[in-house]
Amino acid sequence: MRTLRIAVILFFSIVLNLQAQAQSNNSELKIGYVNPQSILANMPEMRAVQQRLQNFTARKQQELSTLEQEFQTQVAEYQQKVGVISADAQQQEEARLGQLQQDLLQAQEVAEQELAQRRDELVGPLLEQIGAAIEAVAQKQGLSYVLNTTTSSGDMIILYASEDFRAKFDITQSVMEELGMFN
Amino acid sequence: MKQHFILPALLWIFLFTVETQAQVKIGYMNPSVVLSQLDEVAFVDQQIEQLVQERDTELMSKANQLQQDFVAYEEARSMLNEEARIIREEDLLARDQQLQEERENYLNEITQKRAQLLQPIIEKMDQVMAEVAQEKGLDLILNEATSYGDAIVFFSAEELNITQEVLSRMITSGNDSEN
């Protein structure tokens with residue numbers, strides 16, 4: 001009789017426990033977090049990307065340096081003849097040099113834009129791979145949210161994570177594994 | 001008699017299971033607010049301001065000298081031969097270039113110096129933040145806003161904001177170390 005009562009209590013306890021677990025799983029918000037910039041920096045493809053960006057930057061700097069030298073030469077030439085030319089000619093020359101300087105500044109801006117565009121073209125596909133891997137890991141681990149740890153300007157979004165939470169929900173390593181970075 | 005032990009044990013197992021599956025507890029804070037109100041940070045800023053003034057004076061004096069030399073060259077140019085002109089112009093250009101480089105280095109130096117002076121304060125703040133998180137059983141602490149002022153957390157319960165708690169502990173520990 002006593003054994004039966006214990007068995008009944010045990011049975012109800014297990015049922016209650018399972019119910020509680022089911023409810024908890026349904027309502028539990030599982031949040032993970034990831035540092036995509038650290039993954040990106042460690043991707044083997046990044047070495048080639050950096051090299052290509054460096055080459056691109058060097059080429060643009062060379063082009064700009066040529067334009068600047070040309071401008072400096074023309075300024076020096078103007079300074080040499082400024083004392084012997086008419087006021088009208090001076091005005092024209094100064095306007096022409098002003099325009100040249102403006103062109104130079106514009107060329108610098110365009111070069112910066114081109115560099116940013118080139119970076120997007122080269123890094124974009126890697127970021128897409130990281131995004132897909134984050135999604136895959138999140139699904140495997142049943143996460144409702146995956147937060148970014150840091151903004152692109154270096155501000156931290158997650159200031160602190162407890163050791164336990166970090167061990168369970170920092171998915172940075174898992175995403176790297178998903179990307180095959182440790183193979 | 002046995003039952004008296006079994007029932008509480010089962011209840012305990014049940015409660016423990018529910019407890020371990022409790023939701024993640026998230027707090028937030030604003031480190032910029034904490035730093036902006038600490039005397040140690042004000043002292044760092046004073047040191048930086050002093051360094052800025054010193055470097056500004058130094059650079060200003062070099063820039064003035066260069067400007068004077070440039071005017072002197074302009075005045076003397078018509079009396080100089082081609083070779084002398086080239087030498088003077090190259091010298092002026094090189095000095096101008098050097099001044100620009102010094103200006104850039106100076107900005108980097110200021111940024112690095114500030115970061116270096118703030119580092120121990122930030123480390124202390126991280127330590128205090130971890131203590132508060134552990135005491136309050138927080139799993140995560142989010143930054144309330146970026147350094148550009150963009151909100152990360154738009155709304156949350158005020159009791160989850162640990163900014164003031166971290167600030168007051170930082171002030172207390174600062175006072176303790178002074179005494």
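**Chain B, order of elements**

I started by reading chain B from the N terminus, where its elements run α-β-α-α-α-β-α. That gives chain B five helices and two strands; helices (H or I, at least four residues) and strands (E, at least two) are DSSP runs, numbered from the N terminus. I noted that this is a predicted model, where local features need pLDDT of at least 70, side-chain atom pairs count only at pLDDT 80 or more, and totals for chains, interfaces and linings use all residues. Residues are numbered from 1 along each chain as its sequence is written, while chains are lettered from A and ligands numbered from 1 in the order in which they are written.

I looked up burial next: 11% of the 179 residues of chain B count as buried (20 or more other C-beta atoms within 10 Å of a residue's own; 12 or fewer is exposed, in between is partly exposed, with C-beta atoms placed from the backbone). Among chain B contacts (C-beta atoms, placed from the backbone, within 7 Å) between residues at least 6 apart in sequence, 82% join residues at least 24 apart.

**Helix 3 of chain B**

**Helix pairs**

In chain B, helix 3 (residues 39-76) packs on helix 4 (residues 82-136) at about 180 degrees, axes 10 Å apart; axes are lines fitted to C-alpha atoms over the stretch in contact, and angles run from 0 to 180 degrees between N-to-C directions. That makes the two helices of chain B roughly antiparallel (over 145 degrees). Their contact has 17 nonpolar, one polar and eleven charged residues.

In chain A, helix 3 (residues 45-81) and helix 4 (residues 87-141) also pack at about 180 degrees, with axes 10 Å apart. Here I counted 17 nonpolar, four polar and eight charged residues in the contact.

**The largest nonpolar core**

I found 30 residues in this core, and those touching the most other members include A:Tyr160, B:Met129 and B:Ile141; a core is a set of buried Ala, Val, Leu, Ile, Met, Phe, Trp, Tyr and Cys residues joined through C-beta atoms within 7 Å. Beyond four places in sequence, B:Ile141 is in contact with residues including A:Leu159, A:Tyr160 and B:Met129.

Methods:
Angles under 35 degrees count as roughly parallel, over 145 as roughly antiparallel, 65 to 115 as roughly perpendicular and the rest as oblique. Ala, Val, Leu, Ile, Met, Phe, Trp, Tyr, Cys and Pro count as nonpolar, Asp, Glu, Lys and Arg as charged, and the others, Gly among them, as polar. Two residues are in contact if their C-beta atoms, placed from the backbone, lie within 7 Å.
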